[in-house]
Amino acid sequence: VGHSVGEFAAAVAAGVLDANDGIEIVLERGRLMEELVDQGAMIAVRAPENVVGTFLADHTGLELAATNASDRLVYSGPPSEVKSFEDALRIAQIECRRLPVDRAFHSTAITPVIEPFRKFLESRRFCEPAIPMLLNVSGDWAGDNEISAEYWVEQALSPVRFDRCVDRLIRQGPVIGLEVGPRPVL
């Protein structure tokens, strides 16, 4: 299992992509994200969705970008809305922090680059996983022919359901987790 762009690394490890394609896809995705004119923001919130939901009605344009645990959420949106949301959460004494990004990842804000991303993905070869792989979009195991260009387009636009992936692993039995990245964040 990988988280967000880390899911491409998981796909390489599972045999879905060869390493060169995995690297090229991540590079192209990053290049396309840099082309976005309307920059966005993201905020991590430490509260359950039903609590956070009471604040969302006053903050249009915010979208759930990730559920890392039942009370570890990330929202994406326009910088002004994220700032207003952050202010409201702090007044309510709900723990939150802005993420050091300038794009609203895993939201409809990236729609302008989706077609070029799709075209690029369609030139790549996706194989069935050689080892089981959990998917960020659903939190379920990848099925036959499920990982395709269309899956990665949906993955870019959809919330990362990392909590579902972790729950699925835990229900299977003893798990050893290893977080690989520039710093521990999950």
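This briefing describes selected strands and helices of one protein model.

The model is a predicted one, in which local features need pLDDT of at least 70 and side-chain atom pairs count only at pLDDT 80 or more, while totals for chains, interfaces and linings use all residues. Residues are numbered from 1 along each chain as its sequence is written, and side-chain values use heavy atoms, with hydrogens and water left out. Helices (H or I, at least four residues) and strands (E, at least two) are DSSP runs, numbered from the N terminus. Buried means under 20% relative accessible area, exposed over 50%, and partly exposed in between, with a 1.4 Å probe and protein chains only.

**Strands**

- Strand β3 spans residues 72-77, and five of its six residues are buried.
- Strand β1 (residues 41-45) pairs with β3 in the antiparallel sense over five bridges; two strands pair if DSSP finds at least two bridges between them.
- Within the pairing of β1 and β3, leucine 73 is the bridge partner of valine 45.
- Strand β2 (residues 63-69) also runs antiparallel to β3, to which five bridges join it.
- Tyrosine 75 in β3 stands opposite leucine 64.

**Helix α1**

- Helix α1 (residues 6-14) has Glu7, Phe8, Ala10, Ala11 and Ala14 as its buried residues.
- These residues lie on the same side of α1, because they cover an arc of only 155° around the axis; the arc is that of the directions from the helix axis to the C-beta atoms.
- An α-helix has 3.6 residues a turn, so residues three or four places apart point the same way.
- Ala9 and Ala13, on the other side of α1, are exposed.
- The cover over the buried residues of α1 includes α2 (19-35), α5 and α6 (149-157).
- Glycine 15 follows α1 and has a positive phi, near 90°.

**Arginine 118 in helix α5**

- Arginine 118 belongs to helix α5 (residues 114-122).
- Arginine 118 counts as buried because its relative accessibility is 16%.
- Apart from neighbours within four places in sequence, arginine 118 is in contact with Glu150 and Val153, where contact means heavy atoms within 4.5 Å.

**Helix α7**

- In helix α7 (residues 162-172), the buried residues are Phe162, Asp163 and Cys165.
- Their arc around the axis is only 160°, so they are on the same side of α7.
- Arg171 and Gln172 are exposed on the other side of α7.
- The buried residues of α7 pack against β2.
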